[in-house]
Amino acid sequence: MQFHHHGYVSADPRVQDAAGTGVDRPADLPDEVDVLIVGSGPAGMLLAAQMSQFPGVVTRLVERREGRLVLGQADGIQPRSVETFQAFGFAERIVAEAYNIAYMNFWGPDPENPRNIIRTARTEDYAFKISEFPHLIVNQARVLDYFAEAAAHGPGRIVPDYGIEFVGLTVHEGAEADASGGEYPVEVRLRYTAGERTGEVRVVRAKYVAGCDGARSGVREAIGRQHVGAFSAHAWGVMDVLVNTDFPDWRTKCAINSEAGNILHIPREGGYLSRMYIDLGEVADDDEHRVRRTPIEEVIRRANEILHPYSIDVKQVAWHSVYEVGHRVTDKFDDVDVDQGHDPRVFLAGDACHTHSAKAGQGMNVSMQDGFNLGWKLGHVLTGLSPSALLSTYSAERQPVAQQLIDFDREWSALMARKPEEISDPQELATFYLGTAEFPSGFMTQYGPSMTVMDAAHQQLAEGFPLGKRFKSVEVVRVCDGNAVHLGHHARADGRWRVYAFADTVAGAAAAPDSPAVGEASALADWAAFMTSPQSPVRRYTPEDADVDAVFDVKVVYQQPFDEIEITRVPELFLPRTGPLGLIDWEKVYAAAPSAWTTDDIFEERGLSHDGVVVVVRPDQYVAAVLPLTAHDELAAFFAQVFLPQHESASIAG
């Protein structure tokens with residue numbers, strides 16, 4: 001990570017200097033806020049951590065609980081989420097305490113004695129086949145702790161306002177909004193649930209509200225949105241348990257099918273705890289949710305029946321529940337219908353807008369990506385960087401993702417709930433698990449063309465960076481010191497856009513002094529000159545009082561080995577001076593060719609054109625544009641859709 005650019009830092013560099021609203025942050029909830037987040041689940045806490053990077057925006061988060069979550073229900077962390085943790089600065093620490101899923105084993109009835117189960121398949125987990133990040137198990141409470149830390153240590157110093165519950169809201173529009181204080185048109189009613197003010201109801205006015213308040217969302221109800229879908233007629237018991245057992249795969253993730261039912265078994269962090277999803281069978285039409293009152297003793301009995309000839313001796317139940325599988329998506333993720341002619345003010349994220357079974361390990365993961373998608377957009381609009389129309393892309397992008405999740409989970413749940421006589425191929429579940437790996441990993445999401453994603457006219461220039469999909473990192477060599485680093489890992493969740501210029505073969509301006517290429521024209525040199533010109537997006541959309549890379553983090557990757565590049569000869573665009581001291585940033589120049597530290601060549605790994613290519617990546621790590629180095633006007637036109645001009649002219653020197 002980079003620090004010291006604002007002066008010498010001797011303490012923890014992860015704690016950024018307070019700025020804007022983070023300076024002397026009031027302890028009490030103010031009467032007016034820019035963003036009010038309701039709920040401190042995965043979507044809400046990530047959103048708070050992202051908004052803390054926009055200290056000019058007044059953001060508060062209310063939570064009806066009296067304090068932090070102690071025991072979370074979700075535990076599966078997919079590789080895309082670990083990639084997101086990397087952007088927020090805590091991936092390494094959470095990986096160290098988590099359980100890493102290396103294998104998933106499958107068990108089925110013994111053909112010679114169907115009452116017993118036997119192992120039918122042992123499969124390597126999919127994570128490292130498609131990502132540099134692992135597939136983890138860790139308590140949701142710890143995930144929320146890390147995001148809470150990121151929010152509190154960001155410049156905005158955001159901390160949850162615990163003990164406050166949502167009661168209702170009214171969105172005022174037009175003349176009604178003007179009469180009620182126009183700039184803050186969302187009137188939110190809240191009630192204190194703890195402390196000396198318990199029972200007190202008060203009103204807070206907000207510019208925007210994010211409902212991250214779970215499956216029984218009050219915000220969803222207040223804006224008239226509906227969950228579409230139903231519960232299935234199948235129930236599952238789930239328990240986190242400490243046991244002694246003779247089952248040999250107790251510390252390996254397993255899908256177990258027997259004549260007595262099914263179990264999804266997931267080891268937990270810490271070396272002893274495990275989670276079990278136990279099939280409780282079909283639910284009668286007239287059950288009226290009585291199955292949810294199934295005692296834990298019955299759930300344990302069913303587990304032992306399914307595991308035969310093995311058994312578990314439960315020493316402690318840390319947590320348990322019974323649920324019926326539900327597959328529901330909210331009809332829209334904001335408060336505006338298509339024909340209403342104005343931009344949204346209220347948004348839904350996480351379980352407030354999609355619910356499903358827990359067995360595919362998607363709930364927390366997809367919820368976090370909701371928050372990531374929404375956060376930078378709110379930040380851009382509220383700081384005046386972008387038009388409010390940007391906010392309409394949130395529902396347009398995230399609702400299809402939720403529907404894909406429901407469709408996947410419905411199929412996975414049906415496969416998990418089959419009876420032995422319904423299984424024609426014992427390997428079918430293992431085949432499905434591995435064959436669909438990219439979806440549950442979080443890497444299948446692909447946003448369509450919009451004001452933040454270009455069409456695919458130039459996709460052939462960067463085939464390994466599909467438009468609308470997340471930027472899949474590759475190791476490159478940092479020219480200033482020769483270290484091999486992942487290009488994507490340098491990007492933080494700081495609200496900035498990444499612009500990667502992959503150099504053409506010549507790129508003579510960076511060659512060593514004795515190279516015959518010195519002085520040769522190159523597409524990269526021309527592009528860099530454009531990016532420092534008055535027509536440049538950097539010039540037009542970076543606020544005058546901000547660092548030159550405050551909005552656009554522009555990097556270059558050359559095709560030559562790093563030791564053939566003279567870094568002081570690269571275009572000035574890639575050596576910006578930042579911070580109050582005007583220090584040169586040396587970490588924007590990279591080489592693709594192999595070195596002693598890596599065998600990767602990003603041009604080959606991602607199918608990049610050797611004539612050069614520009615890849616633009618959104619603040620939430622999704623590829624927004626792929627263009628030739630020569631497409632200056634197209635690049636300018638793309639950013640003109642996203643940003644508002646900040647001034648007519650400015651110096652690139654910063």
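This is a predicted model: local features need pLDDT of at least 70, side-chain atom pairs count only at pLDDT 80 or more; totals for chains, interfaces and linings use all residues.
Helix H1, residues 42-51, packs with helix H5, residues 140-153, at an angle of about 20 degrees, and the two axes are 8 Å apart. Since angles under 35 degrees count as roughly parallel, H1 is therefore described as roughly parallel to H5. The crossing in which H1 passes H5 is left-handed. On the H1 side the contact is made by Pro 42, Met 45, Leu 46, Ala 48 and Ala 49, while H5 contributes Gln 140, Leu 144, Phe 147, Ala 148, Ala 150 and Ala 151. Sorted by class, the residues of this contact comprise 10 nonpolar, one polar and no charged.

The second pair is helix H13, residues 523-531, with helix H16, residues 632-642, whose axes come within 11 Å of each other and cross at roughly 40 degrees. At that angle H13 and H16 are therefore oblique to each other, and H13 passes H16 in a right-handed crossing. Here Asp 526, Trp 527, Phe 530 and Met 531 of H13 meet His 632, Leu 635 and Ala 636 of H16. The classes in this contact of H13 with H16 are five nonpolar, one polar and one charged.

Now to the cores. As general background, nonpolar side chains in soluble globular proteins tend to be buried together. Which residues have the most contacts inside the largest nonpolar core? That core has 118 residues, and the ones with the most contacts inside it are Phe 147, Trp 497, Trp 527, Phe 552, Phe 574, Val 616 and Phe 639. We have already met Phe 147 in the contact of H5 with H1, and Trp 527 in the contact of H13 with H16. If we take Phe 639 and leave aside its neighbours within four places in sequence, Phe 639 is in contact with Trp 497, Val 499, Pro 537, Tyr 541, Phe 552 and Val 616.

Finally, helix H2, residues 79-88, is mostly covered, with 10 of its 10 residues buried. The buried residues of H2 include Val 82, Phe 85, Ala 87 and Phe 88, but also Arg 80 and Glu 83. Following H2 comes Gly 89, whose phi is positive, near 90 degrees.

Note on methods. Residues are numbered from 1 along each chain as its sequence is written. Side-chain values use heavy atoms; hydrogens and water are left out. Axes are lines fitted to C-alpha atoms, for helices over the stretch in contact, and angles run from 0 to 180 degrees between N-to-C directions. Helices (H or I, at least four residues) and strands (E, at least two) are DSSP runs, numbered from the N terminus. Angles under 35 degrees count as roughly parallel, over 145 as roughly antiparallel, 65 to 115 as roughly perpendicular and the rest as oblique. A crossing is left-handed if the near helix is turned anticlockwise from the far one by less than a right angle, and right-handed if clockwise. Contact means heavy atoms within 4.5 Å. Ala, Val, Leu, Ile, Met, Phe, Trp, Tyr, Cys and Pro count as nonpolar, Asp, Glu, Lys and Arg as charged, and the others, Gly among them, as polar. A nonpolar core is a set of buried Ala, Val, Leu, Ile, Met, Phe, Trp, Tyr and Cys residues joined through side-chain atoms within 4.5 Å. Buried means under 20% relative accessible area, exposed over 50%, partly exposed in between (1.4 Å probe, protein chains only).
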